[in-house]
Amino acid sequence: MNAITDQTIRSATISCLVENEAGVLARVIGLFSGRGYNIDSLTVAPVDDGRGRSRINIVTSGTAMVIEQIKAQLDRLVPVYRVGDLTMSGAHLARELALVKVIADGQMLIDALLEAGRHGARVVDATTGSFIFELSESTEVIDAFIGALRSLGLAEISRTGVAAMACGTSTI
Amino acid sequence: MTQTIQTAPALPDAASAETAPGAEILLRALKDQGVEVIFGYPGGAVLPIYDAIFQQNAIRHILVRHEQAAVHAAEGYARSTGRVGVVLVTSGPGATNAVTGLVDALMDSIPIVCLTGQVPTHLIGNDAFQEADTTGITRPATKHNYLVKKPGDLARVVHEAFYVARSGRPGPVVIDLPKDILIGPAPYAEKPEQPHRSYRPATSPQPEQIARAIALLKTAKRPMIYIGGGVINSGDRASEALIRFVRKTGFPCTSTLMGLGAYPSSDKQFLGMLGMHGTYEANLAMHGCDVMLNVGARFDDRVTGRLNAFSPDSRKIHIDIDPSSINKNVAVEVPVIGDAGLALEALLEAWDANPAAAPDVSTWWAQIAQWQAIDCLKFRQTREKGGIIKPQHALQRLQDITRELGRETYISTEVGQHQMWAAQYLRFEKPNRWLTSGGLGTMGYGLPAAMGAQIAHPDALCIDVAGEASILMNIQEMATLAQYRLPVKVFILNNQYMGMVRQWQELLHGSRYSESYSEALPDFVKLADSFHAVGMRATCIDELDDVIRAMIAEPRAVIADICVDQKENCFPMIPSGAAHNDMILGPEHGTALADGRAAGLTDEGLVLV
């Protein structure tokens, strides 16, 4: 009882397996906006072409009772097969992809390249006045990388949302 | 001379690859789902369906006069029979007119399948004539919706829609049908063995949870059973199991607005409805109980009042088929996910199996009897000749006379004070006899809902208890009553105001009656006449009984205009933002309101509806 009435806000990473049918994403987004829940990040892609299913990963936040509500509301949508709370079910991986453009020259450009190397990002585009770096990592590492580039000619950022999965043998 | 009889072309059987026009396949799928009645209104996009309806007899079509009324009529049909209500409307404005009814069905968990026409597939998204993004608009208004884009999907989608509408927590489903799909050829598909790939709601309660619930109930000293609409949705068996369980335990019970009739109202273990306008004893018992068993209710804000003061010392068990309703507003100790009927039957067995003795609740009943002695619903009706009729008295007499005549009776209401008085003063002994808009509170619900019930029960007495403001919202349905000779009785409690709005304006806004006076009312007797019905009026207490008897005896539809006291307020009342034990009682109880501001009302409460 105490757990459910706890008022602290926590972040939750939820993955759900859904029918890959027209309107299913609109349905999920409508659920969140209609009930005033947060969407910090959302990704969706087909995972099972043969059986026509997609996986939606959502990072949200709220009290324990709100997170339980979100899961229950998702689960009762007709096209939803299964809902998994990755934050609650133990160790999990959460990864984002970021493409980051730096426009600079001279020493600043060299420093940007060194910063990329330091964070494990790779160069996917290079000119004499710019780089595009690609980094696939956790949100925190990407945030740190972008932060480091702010004074080194950061020009454009394009990020996907979080794709997440439980470690080990469990599946949602 | 031999006569050549034209027969309709035989439909292909499921095994063959033959096809028939989509509209015929649609009707066949409906027929296979057991549909007998469709409530609808034609239009360009659905002409193929209307053509197919014209050429068959299996399904009856009831022509309403506004698409909103089609959905409310289907709701009345569904609630009074337990079956799925079916609606047929055209594209564009037909579909958008239906939205209010769909949201109403969603809030009250009524199974509806609504077929909407749509422009041909190649014109979708082109701003065509009478085009609307029906699937986009109805997505948050329905349990689920479909747009049929391929003829091969048509029959399958219909079967799926019925399954979704009636399974788990029932609700409305929309099927958007582009015109080319209805005209072009389509194959038939039988009802599938496996009803759905992803949607399979759990209905059987877990035995461990049932055992925990019983163990908790047996420790109770002040138990309370809180009944909701879920028992009605579950069916007659759930109501029967509920009655046996309440009688076996000897516990007191109360019901929400939507649950009335699941347990017989006249029974001594029933404390009346609870909530904002519930009885004194029901609210205080909920407030003071130590173990609460919620069967099929959702802890709605009309029931709980201020949440942090709701039943503060009780341990709660919540039986609900919808897991998202559990721990939504109120944290409970023992959640039981499952169908109400199955859960109640499991509780009965577990009660007998658990060795602990049944708790002695006689002290609790003695306390409840003290609260009942307050007689919170009492009112004073003058008997003087020419005296004004109190609305509560009008309903009391309606109750007494209908009971005396012993006919199977269905009551629907509109929304407002009359609705609350109907819930307080009319007695419901059986489920599916009470049709009201609880969750959405839609004015204009009652007349079409009574119409739907009358279609389902042609020999029953169907009465719409209405206010004079509400009844105007779907008054055009009087024409439907005339066309199908439906003897619905419209019982108007005419107080010349939107009563509930006026009451709140009196209590919270210094009696500034802004836009709540029913200006320029029609003469309801003449109105009835113009719609080929019978109009009656009672202006004073001497006329009331005769009008009620004449109304019931009349074989045609009736509008009875009952002129009642304009200043009556609906009590008891828990003002918004107050707790269950902060009830205001009526003037008969000496707690008159001072300064137009209700006791216990907070600024927080003011912003609540």
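In this predicted model, chain B has a radius of gyration of 25 Å. A compact globule with 609 residues would have a value near 25 Å, so the two agree. The C-alpha trace of chain B spans about 80 × 65 × 50 Å along its principal axes. The secondary structure of chain B consists of 22 helices and 20 strands. Of the 609 residues in chain B, 54% are buried. Contacts also reach across the sequence. Among those in chain B between residues at least 6 apart, 77% join residues at least 24 apart.

The interior was examined next. In soluble globular proteins, nonpolar side chains tend to be buried together. The largest nonpolar core in the model has 204 residues. The residues with the most contacts inside this core are Ala70(B), Val87(B), Ile112(B), Val113(B), Ile175(B) and Leu242(B). Helix α6 of chain B, residues 154-166, supplies the largest share of the core, with 9 residues.

Val113(B) illustrates the packing in the 204-residue core. Neighbours within four places in sequence were left aside. Val113(B) is then in contact with Val84(B), Val86(B), Ala161(B), Phe162(B), Ala165(B), Val173(B) and Ile175(B). One of these partners, Ile175(B), is itself listed with the residues that have the most contacts inside the core.

Ser109(B) is not a glycine, yet its phi is positive, at about 55 degrees. Ser109(B) sits in the loop of chain B between α4 (93-108) and β5 (112-118). A residue is buried if 20 or more other C-beta atoms lie within 10 Å of its own. Ser109(B) has 26 such atoms within 10 Å and is therefore buried.

Ser311(B) is a further residue other than glycine with a positive phi, here near 40 degrees. The loop that holds Ser311(B) runs between α12 (301-304) and β13 (315-320) of chain B. Ser311(B) counts as buried because it has 23 C-beta neighbours inside 10 Å.

The bond runs from Phe571(B) to Pro572(B), and its omega is near -5 degrees. Pro572(B) is found in the loop between β20 (558-563) and α22 (603-606) of chain B.

Definitions and conventions
Residues numbered from 1 in each chain as written. Chains lettered and ligands numbered in written order. Predicted model: local features only at pLDDT ≥ 70, side-chain atom pairs only at ≥ 80, totals over all residues. Core = buried A, V, L, I, M, F, W, Y, C linked by C-beta atoms within 7 Å. Buried ≥ 20, exposed ≤ 12 C-beta atoms within 10 Å, placed from the backbone. Helix = DSSP H or I, 4+ residues; strand = E, 2+ residues; numbered from the N terminus. Contact = placed C-beta atoms within 7 Å. Rg over C-alpha atoms; globule rule 2.2 N^0.38 Å.
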